[in-house]
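Please read these notes with the model open beside you. They take up a few local features in turn.

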Amino acid sequence: MPESTTAEQRALLGEQIQRFRYATLAWCLHAVVAANPRLNLERTTERSRRPAEELRYRLAQSIKASNAGLPPLHELTTPREFPMVESWRQVARAAVLGEHDFGGLMDHGRLTPAQSSTVLRDAAEVARALVVLDKRYENIPGWIPIRERGRLDRAAQTAGVFAGYDEPDYSVDHKGWRPPPATIDGGPLPGIGGVLQAEHNMLVHLASFPNALNLRRVMDGQRILSHEAARRAPNVAPDLIEKWLDREQTYKKLIDETRDVGGPVGSGGSAAAEAANAVGRLRHVHVDEITTPEPLRDLDKLFIRTDARVAAIIEQGVADRLYFISVKVPRIIDSSGELVSPVRERYVPIATPINTELLAIARNELRPAPVVAAFSAGAHESRQQLLESLDHRPDRTRGPGR
């Protein structure tokens, strides 16, 4: 911080930095909650709490004791004049945006143990960094330090060591909230582009659970689409032919297995319509119009995502009893007054005793193989630099601007 700033300006900047610090502490708390199962910490003691629980408790106490509050939107979005304050703004802005991740794919039910340990260690190291900076800013006029920061520092160090016993999984960096995909509106695109447009829109509409009839319509569209796409692949992508023909057979099996499956819950009309659009448009694309493999490879990526979604829909429909299967119920009819008595049918939930291969086909043949998530090359280096700066920090500082 420049020496030309007055004591009053330093106080105002200190209050602003404390609000940025509050937002960062809040992110640390959310991260620990996501990495550790939820507990009633009020019924635990310092001796009975495990490392992650102790860190969570200390973070909650520090936030509760702070009167800084979260920074308003204009402080997060407006660049600051002083580089030090601007650095804090960037950190707080990232923390506020990062809190959205924990309501999506980064809550504790969706993280693997290795990913949970990685998130816990990140939160612990960021908390330690906040304590270090808190000590450096003690001479700023009006600066209010973190309450019981020594205990927070010890809890963060212990939790970081505890989380460091497991091999980190930096693929967690790719998880989190993302804006939901939107349909590609407007008229149909020419050629193979229109097919990709319809298949993409169908996948977007499949986010809503379809009823059994529309699910069969979608699956029948995928069966035909796989066959038609394989016919247009020999010149530019022959390696996809066998894969798509196998996909066609898989959907044939699924259609056969769902012939007696019903379920009125859900919609899916828009998805079924887009599946039909994709088939109709592809049938009007001549094989000579596709001169490069990229469009077909893009179509294959949509196929993979569609297969994963259809498999998830089938599993959800069975697990939540939204889909039912028709079974014949034997009965004895005596003097019914009819020449021919129809066989009575009843819809029952799909379960193991019932002779159906629907779940087995969805899980073993339709669902794509799990993909090992990659992580950025700098994921380890950036964390290591922060850890080294914490472990090798000087014991004393000479002023608030250091």
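**Notes on the model**

1. Tyr 137 is buried, at a relative accessible area of 4%; buried means under 20%, exposed over 50% and partly exposed in between, with a 1.4 Å probe and protein chains only. Trp 143 is also buried, at 10%.

2. This is a predicted model, in which local features need pLDDT of at least 70, side-chain atom pairs count only at pLDDT 80 or more, and totals for chains, interfaces and linings use all residues. Residues are numbered from 1 along each chain as its sequence is written, and side-chain values use heavy atoms, with hydrogens and water left out.

3. How many aromatic pairs does a search of the whole structure find? The search gives four, where rings of Phe, Tyr and Trp (its six-membered ring) pair if their centres lie within 6.5 Å; planes under 30 degrees apart are stacked, over 60 edge-to-face and the rest tilted. Tyr 137 and Trp 143 have ring centres 5.4 Å apart and planes at 90 degrees, so this pair is edge-to-face. Ring pairs also bring in Trp 88, giving a cluster of Trp 88, Tyr 137 and Trp 143.

4. Helix 2 (residues 51-65) packs against helix 6 (residues 149-163) at about 150 degrees, with the axes 8 Å apart. Helices here are DSSP runs (H or I, at least four residues), numbered from the N terminus. Axes are lines fitted to C-alpha atoms over the stretch in contact, and angles run from 0 to 180 degrees between N-to-C directions.

5. The contact (heavy atoms within 4.5 Å) includes Leu 55 and Leu 59 of helix 2 and Ala 155 and Phe 162 of helix 6. Its residues divide into eight nonpolar, two polar and three charged. Nonpolar covers Ala, Val, Leu, Ile, Met, Phe, Trp, Tyr, Cys and Pro; charged covers Asp, Glu, Lys and Arg; the others, Gly among them, are polar.

6. Helix 8 (residues 212-231) and helix 11 (residues 294-319) cross at roughly 155 degrees, their axes coming within 12 Å. These two helices are therefore roughly antiparallel as well. Among the residues in contact are Met 219 and Leu 225 of helix 8 and Phe 303 and Ile 313 of helix 11. The contact has nine nonpolar residues, three polar and no charged.

7. Asn 214 lies in helix 8 and is buried, at 8%. Leaving aside residues up to four places away in sequence, Asn 214 touches Ser 267, Gly 268, Gly 269 and Ala 272.

Conventions:
Angles under 35 degrees count as roughly parallel, over 145 as roughly antiparallel, 65 to 115 as roughly perpendicular and the rest as oblique.
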